[in-house]
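Here is a quick walk through one chain, written for someone who would rather look at side chains than read a methods section. Keep the 3D view open as you read.

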Amino acid sequence: MSFTSTPRGARLARLFVAHCLDAWGHPYDSEVNETLTLITAELSANAVRHGRVPGRDFHVRLTSEASGELRLEVSDTRGEGRPAVVPPAAPDAESGRGLLLVTALADDWGVTDRRGGPGKAVWASLKAGRRPTGGGRGGSMSRCQPWRIR
């Protein structure tokens, strides 16, 4: 799914991931949903702040494996400035802790080249245990029901 490289786009990406996880059987108030939604917020904010190319969107891909592993990928068209964990920001700094949160929350994360074009993709994976039973469908984000934000 593509989102505008704006703070609103980052917020919508976070909401959409939370919606998909809920549809896949990970309720909004579950640890899995809350954790992956927070990771989405951090990676989307980084795509908007550091990966923005005027006129280009950023993309979010969410997949669920049969093993129960969830993988989130946030890609942008700026190839340089690949993220890396750096020492913590000063205690009074207003930013600089996002990747520290991703490192602490995700089971694994990394950076790869963006599929089908210039840029990079920052991914994070989370082992959600066995696939939920009930209403969860698993698969890619494209299987989530479309919804409209007003």
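Thr 77 counts as buried, because its relative accessibility is 13% and the cut-off for buried is under 20%. You'll find Thr 77 in the loop between S3 and helix H3 (98–105). Bear in mind that this is a predicted model.

Two prolines make handy reference points for Thr 77. Pro 118 is 41 residues away from Thr 77 in sequence, yet their C-alpha atoms are 5.4 Å apart in space. Pro 54 is 23 residues from Thr 77 in sequence, with 9.9 Å between the C-alpha atoms. Pro 54 belongs to the loop between H2 and strand S2 (58–64). Is Pro 54 buried or exposed? Pro 54 is exposed, since its relative accessible area is 60% and anything over 50% counts as exposed.

Now zoom out for a moment. The chain has three helices and six strands, and reading along the sequence gives the pattern β-α-α-β-β-α-β-β-β. There are 150 residues in the chain, and 41% of them count as buried.

**Salt bridges**

How many salt bridges does the chain have? The count comes to three, and here they are.

| Glu 73 | Arg 115 | 3.3 Å |

Start with Glu 73, which pairs with Arg 115 at 3.3 Å. That pair ties together distant parts of the chain, 42 residues apart: Glu 73 is in strand S3 (residues 69–76), while Arg 115 is in the loop between strand S4 (108–113) and strand S5 (120–127).

Glu 73 is buried, because its relative accessible area is 9%, below the 20% limit. Arg 71 has 27% relative accessibility and so counts as partly exposed, a class that runs between the 20% and 50% limits. Arg 115 comes out at 52% and therefore counts as exposed.

Where do the two partners sit, buried or exposed? Both Asp 76 and Lys 120 are buried. For Lys 120, the relative accessibility is 4%, so this lysine counts as buried.

Next, take a look at Ser 30, in the loop between helix H1 (7–23) and helix H2 (31–50). Ser 30 is buried, because its relative accessible area is 17%. What does its side chain have within reach? A polar atom of the Ser 30 side chain lies 3.2 Å from the backbone nitrogen of Asn 33.

Glu 31 lies in helix H2. In contrast to the buried Ser 30, Glu 31 is exposed, because its relative accessible area is 65%. Which residues form the negative surface patch that includes Glu 31? The patch is made up of Asp 22, Asp 29, Glu 31 and Glu 34.

**One more contact across the sequence**

Finish at Ala 128, in the loop between S5 and strand S6 (139–140). Ala 128 has 18% relative accessibility, so it counts as buried, under the 20% cut-off. In sequence, Ala 128 and Leu 70 are 58 residues apart, but their C-alpha atoms are separated by 6.6 Å.

How values were computed. Residues are numbered from 1 along each chain as its sequence is written. This is a predicted model: local features need pLDDT of at least 70, side-chain atom pairs count only at pLDDT 80 or more; totals for chains, interfaces and linings use all residues. Side-chain values use heavy atoms; hydrogens and water are left out. Helices (H or I, at least four residues) and strands (E, at least two) are DSSP runs, numbered from the N terminus. Buried means under 20% relative accessible area, exposed over 50%, partly exposed in between (1.4 Å probe, protein chains only). A polar contact is a pair of N or O atoms within 3.5 Å; within protein, one must be able to donate a hydrogen and the other to accept it, and residues adjacent in sequence count only if both atoms are side-chain atoms. Patches are made of residues with over 30% relative accessible area and no salt bridge: like charges are joined within 9 Å, nonpolar side chains (Val, Leu, Ile, Met, Phe, Trp, Tyr) within 5 Å. Accessible areas come from the Shrake-Rupley method with a 1.4 Å probe; for residues, only the protein chains shown count as cover. A salt bridge is a side-chain nitrogen of Lys or Arg within 4 Å of a carboxyl oxygen of Asp or Glu. Lys and Arg count as positive and Asp and Glu as negative; His and the chain ends are not counted. The place of a charge is taken as NZ of Lys, CZ of Arg, CG of Asp or CD of Glu.
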